[in-house]
Amino acid sequence: QQQQQQQEKVVYEFLDDHGQWQPCRDGQPELMEEQYRRSPEATFQFQSGRFTYTVDLRAMTQTNLTTFKTRRLRRQVELSPAAALAELYNSGMGDEPATKKLGGAKFFELLDEGARAGRRSLHFNFAVAQAAKMMEEGQQHLRLAKKVELVESLAVAKRFQAARQRLADQGKPTDDIWVFHGTAQHNVDKIMVDGFAVGGQDPRVPVANGAAYGAGVYTATGPQTPLGYSQRTGHTAVILARALPGKQGGARSGPAEDSWVPKQDWCVFKNADQLLPMYVLHL
């Protein structure tokens, strides 16, 4: 438990009159966390200046007993960089040596090691199984990955975490899904290091295959369609990414949607930071 506390920092914030989250100060976070660890549903009072407040941790509210004004509270757990990577990358590769390092990201080459246990086998088997599971019925035997690369990028992981928090602040779903993306071979390393970009919006990235269903990052829950885009450029690799659908729409994007499903297993994401590219499957 002590090691876990060293890997995380707990922050308490209140919602101000302008709808912005502001940090609690003057010893309040320490007091709130002490009460929270005793009971996450505790109700208690504290004095700050000339005012007395009641805090309800179950409802996450703070009420001024003089003005009777109630404000919303939230408890944020900020992970250390190492802990954040471990959480997002399914425990990551720990102290395993990287195959290569590029632009602050670590690449780990994973091969089929049969019955051997270990982090490399765990990640290889997961990526291969996810691809096989999402293949169309009767196609699983056609392609199994011969090599997988796991790529850890702290910069991309931080943006993904920020996107999750943004959705939470907006009251939208924060559950993630697995999606595949196909692209030209020369784009793969750049995506894994810097993250995805929305073609036509990011000046560095042109629209590669049109945007018939709106501007966004085009993916699919199965690997067949993305593999077709990769094969157009003469290679057979697809990216497997974690993704945050948020509020999902139908065939077309709307101002309130974070993602939409135009057809079949397609899924288009409005913002690039809603995706965390993790694996490259060489099929």
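**Exercise 1. Charges over rings**

Find the ring that lies under Lys100, and the ring that lies under Lys263.

*Solution.* Start with the rule: a charge sits over a ring if NZ of Lys or CZ of Arg is within 6 Å of the ring centre and within 35 degrees of the ring normal. Lys100 lies over the face of Phe107, at 4.6 Å from the ring centre. Lys263 lies over the face of Trp266, at 4.4 Å from the ring centre.

A note before going on: this is a predicted model, where local features need pLDDT of at least 70 and side-chain atom pairs count only at pLDDT 80 or more, while totals for chains, interfaces and linings use all residues. Residues are numbered from 1 along each chain as its sequence is written, and side-chain values use heavy atoms, leaving out hydrogens and water.

**Exercise 2. Ring pairs**

Classify the pair Tyr218 and Trp266, and the pair Trp178 and Tyr279.

*Solution.* Rings of Phe, Tyr and Trp (its six-membered ring) pair if their centres lie within 6.5 Å. Planes under 30 degrees apart count as stacked, over 60 as edge-to-face and the rest as tilted. The count comes to six aromatic pairs.

Step 1. The ring centres of Trp178 and Tyr279 are 6.3 Å apart and the planes meet at 45 degrees, so this pair is tilted. Trp178 is in strand E10 and Tyr279 in strand E16, 101 residues apart. Strands here are DSSP runs (E, at least two residues), numbered from the N terminus.

Step 2. For Tyr218 and Trp266 the centres are 6.2 Å apart and the planes are at 80 degrees, so the pair is edge-to-face. Tyr218 lies in E11 and Trp266 in E15, so the pair ties together parts 48 residues apart in sequence.

Step 3. Check burial (buried is under 20% relative accessible area, exposed over 50%, partly exposed in between, with a 1.4 Å probe and protein chains only). Tyr279, at 1%, is buried. Trp266, at 13%, is buried too. Tyr218, at 21%, is partly exposed.

Methods: Helix = DSSP H or I, 4+ residues; strand = E, 2+ residues; numbered from the N terminus.
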